[in-house]
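Please have a look at the model on the screen, and then I will take you through a few of its features.

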Amino acid sequence: VLRRPLSSPPPHTHTPPSAAMPTVKELKDLLKERGLPTTGYAEKSEMVAALVDSGMPREDLDRMEAVREEAAARERAEATAATARKAYARKLKVALAALEEADALPPPRPIPAAALGT
């Protein structure tokens, strides 16, 4: 009796959704690229199963999710950095306004004529 290794799923079964799964739009785009129907699926796992049954390695779907997660992490980091820069700029403006109010800033010095090129 030939038996399939335990690690491979039986053919034509639903692939359970993993924690990392492409979006419905991405799955529909992949189905369309492979000439498969893009409607009639009740769950994302059915779309994944159709893609896997058509020969697409499950690892490719997981890689798509990893790339998307990395991009989302970069966007979150950039947003956090931008928020921090804005908060720092606000603090500087408040500090500058306080110094100006207290006349703690020295008066501006005239620019030497040599620096102006005249």
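Let me begin with a term: a salt bridge is a side-chain nitrogen of Lys or Arg within 4 Å of a carboxyl oxygen of Asp or Glu. What you see is a predicted model, in which local features need pLDDT of at least 70 and side-chain atom pairs count only at pLDDT 80 or more, while totals for chains, interfaces and linings use all residues. Residues are numbered from 1 along each chain as its sequence is written, and side-chain values use heavy atoms, with hydrogens and water left out.

The structure holds four salt bridges, and one of them joins E26 to R68, with the closest N and O atoms 2.5 Å apart. This pair links distant parts of the chain, since E26 sits in helix 1 and R68 in helix 3, 42 residues apart; helices here are DSSP runs of H or I with at least four residues, strands are runs of E with at least two, and both are numbered from the N terminus.

A second salt bridge, between R58 and D62, has its closest N and O atoms 3.4 Å apart, and both of these residues lie in helix 3, four residues apart, or about one turn of the helix. Is R58 buried or exposed? Because its relative accessibility is 17%, R58 counts as buried, where buried means under 20% relative accessible area, exposed means over 50%, and partly exposed is in between, using a 1.4 Å probe and protein chains only. D62, at 32%, counts as partly exposed.

Helix 3 itself covers residues 58-101 and reaches 65 Å from its first C-alpha to its last, close to the 64 Å expected at 1.5 Å a residue, the expected span being 1.5 Å times one less than the number of residues. Its buried residues are R58, L61 and E65, and they pack against helix 1 and helix 2.

That brings me to the largest nonpolar core, which has 10 residues, among them L30, L51, M56 and L61; such a core is a set of buried Ala, Val, Leu, Ile, Met, Phe, Trp, Tyr and Cys residues joined through side-chain atoms within 4.5 Å. Helix 2 gives the largest share of this core, four residues. Leaving aside its neighbours within four places in sequence, L30 is in contact with L51, M56, L61 and M64, contact meaning heavy atoms within 4.5 Å.
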